[in-house]
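Here is a guided walk through a two-chain model, written to be read with the structure open beside you. Take your time and look up each residue as it comes along.

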Amino acid sequence: MSTRTQLQLPCGCCFIVPPAVLKALSLRHRVSPRDPKIYQDSYAETQRLRYIREGHRMASVTSRRSIAAAAPARPPAEHLFDCGNRMTLPGAPVPDAENGDEAFSTVFKTTAQVGKFYQEVLGRNSIDNLGMDMVSSLNYGLNFQNAFWNGQQMVYGNGDQQVFIDFWRSPDVIGHELTHGVTQHESGLRYEGESGALNESLSDAFGAAFNQWTQQTPASDDAGWLIGAGIMGPDSKAQGMTCLRDMVDPTASHCLSPQPASYDDFDPTADVHLNSGIPNKAFALFARALGGNSYDTATKVWYAACTGGRLSSTATFADFARSTVAVADQWSGADQAAVADAVRQAWQEVRVPLATV
Amino acid sequence: MRVRIERRGGLAGRPAVGEREDSELTAAERAALHGLLASPPPSRPAPGADRFHYKVTIEHEGKTSELEVPDDAMPEALTGIPKIKL
């Protein structure tokens with residue numbers, strides 16, 4: 001594995017007491033006159049640290065852009081590991097994974113394809129835009145029903161073979177997990193509330209766009225907007241569940257995890273994977289309104305809106321929507337007016353406000 | 001004693017839950033549970049994205065205690081208890 005140091009960004013989730021709690025406590029005046037001052041000081045300090053971290057993050061993204069522009073593009077190196085059904089990472093190295101069994105060769109080739117998609121469609125050099133190595137561990141845990149990004153690498157479980165089969169079997173899932181790495185190295189969207197749901201939605205959007213790019217399917221093809229269609233097990237299929245999520249129709253009963261499709265139905269208490277249905281639908285509407293392939297224009301607008309320092313780690317849906325509108329308004333090409341109109345229509349349809357409060 | 005384990009998060013975002021009476025626990029599950037109670041993990045979320053998060057509830061002699069356990073601190077032996085109900 002490369003010995004080059006991988007850039008670690010602040011995760012934004014390292015405060016033991018959430019700032020919202022400190023803020024609420026700071027407003028109480030019932031316990032003793034001294035207590036609110038303590039909480040006010042703590043809240044102010046966490047906010048100050050957040051501003052410092054945000055400043056470091058923005059400086060990092062900006063400097064990496066200039067370094068990336070000067071660096072020669074080469075396919076990122078890949079490293080695969082076998083956890084052997086244990087939960088210790090990364091597991092045992094798998095030499096020549098490209099020519100290994102179905103699981104390892106598929107993950108190797110699909111991960112390489114994601115790297116190619118980033119390069120050819122988005123002009124991005126791997127996860128960090130600096131050619132970072134791509135590391136994947138398979139056979140994680142026993143019947144483990146998940147795939148995740150742990151801040152440094154991708155991890156895939158094999159499912160229970162009833163509700164889910166192997167999590168590497170959906171190309172969009174591999175694209176989804178890698179894109180969490182991209183988000184970590186760009187906006188660093190905090191994994192809670194609206195920013196967390198946006199983080200999830202970006203992974204679904206680029207995962208679906210990657211799937212459509214590899215299959216060469218147009219945006220009008222409904223199948224290209226299903227997330228996790230390849231990992232559904234026999235029990236799920238027997239109950240008519242064909243995917244985890246459907247970006248065109250997030251509320252559909254064929255989804256294992258139906259989502260809200262309108263900001264009117266946003267649930268502040270829900271898991272980030274539920275509220276992501278709202279920006280998911282906006283992206284699908286935008287891409288389908290433009291026609292052709294989602295990866296020709298819509299994906300590039302979305303990518304520009306969430307990279308290059310345009311998005312803060314605490315961005316709301318409305319912040320991101322306005323960023324996409326700003327990108328669309330500056331879009332070069334004969335279809336600029338149509339792009340600008342379609343992106344506004346998409347956000348309007350899912351009831352995300354574009355006006356600045 | 002009765003243990004209930006709820007799982008949230010993950011790529012699917014679909015909750016899962018499982019319950020066991022003390023007599024139903026395997027030796028490995030019982031040892032893992034005792035280890036968890038003896039040294040409770042920090043409640044901060046596991047790093048990255050699409051991670052699981054667990055809530056372990058134990059009812060014993062009329063008392064209930066709860067533990068929030070991040071993905072990377074959950075003993076392997078206990079991860080198989082929660083199941084998704086379709």
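A residue is called buried here if 20 or more other C-beta atoms lie within 10 Å of its own. S323(A) has 21 other C-beta atoms within 10 Å, so S323(A) is buried. Please keep in mind that this is a predicted model.

**Around S323(A)**

You will find S323(A) in helix 10 of chain A, which covers residues 317-329. Which residues does S323(A) touch, not counting those up to four places away in sequence? They are A305(A), R310(A) and L311(A). L80(A), by contrast, is 243 residues from S323(A) in sequence, and the two C-alpha atoms are 36 Å apart in space.

**Chain A as a whole**

Chain A holds eleven helices and seven strands. Of its 357 residues, 48% are buried. Among contacts in chain A with a separation of 6 or more, 60% are between residues 24 or more positions apart.

The table gives the approach of their axes, pair by pair.

| Helix pair in chain A | Axes come within | Crossing angle |
|---|---|---|
| Helix 4 (residues 171-185) and helix 5 (residues 193-215) | 7 Å | roughly 135 degrees |
| Helix 3 (residues 102-122) and helix 4 | 10 Å | roughly 55 degrees |
| Helix 3 and helix 5 | 10 Å | roughly 95 degrees |

Start with helix 4 and helix 5 of chain A, whose axes cross at roughly 135 degrees. That angle makes helix 4 of chain A oblique to helix 5 of chain A, and their crossing is right-handed. On the helix 4 side the contact includes P171(A), G175(A), H176(A), T179(A) and H180(A). On the helix 5 side, L202(A), F206(A), F210(A) and T214(A) are among the residues taking part. Sorted by class, this contact has six nonpolar, ten polar and two charged residues.

Next come helix 3 and helix 4 of chain A, with axes crossing at roughly 55 degrees. These two helices are therefore oblique to each other, and this crossing is right-handed. Helix 3 of chain A contributes V107(A), T110(A), T111(A) and V114(A), while helix 4 of chain A contributes P171(A), I174(A), G175(A) and L178(A).

The remaining pair is helix 3 and helix 5 of chain A, at roughly 95 degrees. That makes helix 3 of chain A roughly perpendicular to helix 5 of chain A. Here Q113(A), V114(A), F117(A) and V121(A) of helix 3 meet F210(A), W213(A) and T214(A) of helix 5. Five nonpolar and two polar residues form this contact, with no charged ones.

**The nonpolar cores**

The largest nonpolar core has 92 residues, and Y156(A), A282(A), F283(A) and F286(A) have the most contacts inside it. Helix 5 of chain A supplies the largest share of this core, nine residues. Leaving aside neighbours within four places in sequence, A282(A) is in contact with A346(A), W347(A), V350(A) and V352(A). A second, separate core has eleven residues, including V3(B), V69(B), M74(B) and I81(B).

**Backbone details worth a look**

L89(A) and P90(A) are joined by a cis peptide bond, with omega about 5 degrees. P90(A) sits in the loop between strand 1 (78-82) and strand 2 (92-93) of chain A.

Another loop runs between helix 3 and strand 3 (134-138) of chain A, and S126(A) is found there. Phi of S126(A) is near 70 degrees, a positive value in a residue other than glycine. N129(A) lies in the loop between helix 3 and strand 3 of chain A as well, and has a positive phi of about 65 degrees although it is not a glycine. Are these residues buried or exposed? S126(A) is buried, because 24 other C-beta atoms lie within 10 Å. N129(A) is buried too, with 24 other C-beta atoms within 10 Å.

**Where the chains meet**

Finally, 20 residues of chain B are in contact with 29 residues of chain A. The side of chain B that touches chain A divides into eight nonpolar, six polar and six charged residues.

Definitions and conventions. Residues numbered from 1 in each chain as written. Chains lettered and ligands numbered in written order. Predicted model: local features only at pLDDT ≥ 70, side-chain atom pairs only at ≥ 80, totals over all residues. Contact = placed C-beta atoms within 7 Å. Nonpolar A, V, L, I, M, F, W, Y, C, P; charged D, E, K, R; others polar. Axes fitted to C-alpha atoms, helices over the stretch in contact; angles between N-to-C directions. Helix = DSSP H or I, 4+ residues; strand = E, 2+ residues; numbered from the N terminus. Parallel < 35°, antiparallel > 145°, perpendicular 65-115°, else oblique. Left-handed = near helix turned anticlockwise from the far one by under 90°. Core = buried A, V, L, I, M, F, W, Y, C linked by C-beta atoms within 7 Å. Buried ≥ 20, exposed ≤ 12 C-beta atoms within 10 Å, placed from the backbone.
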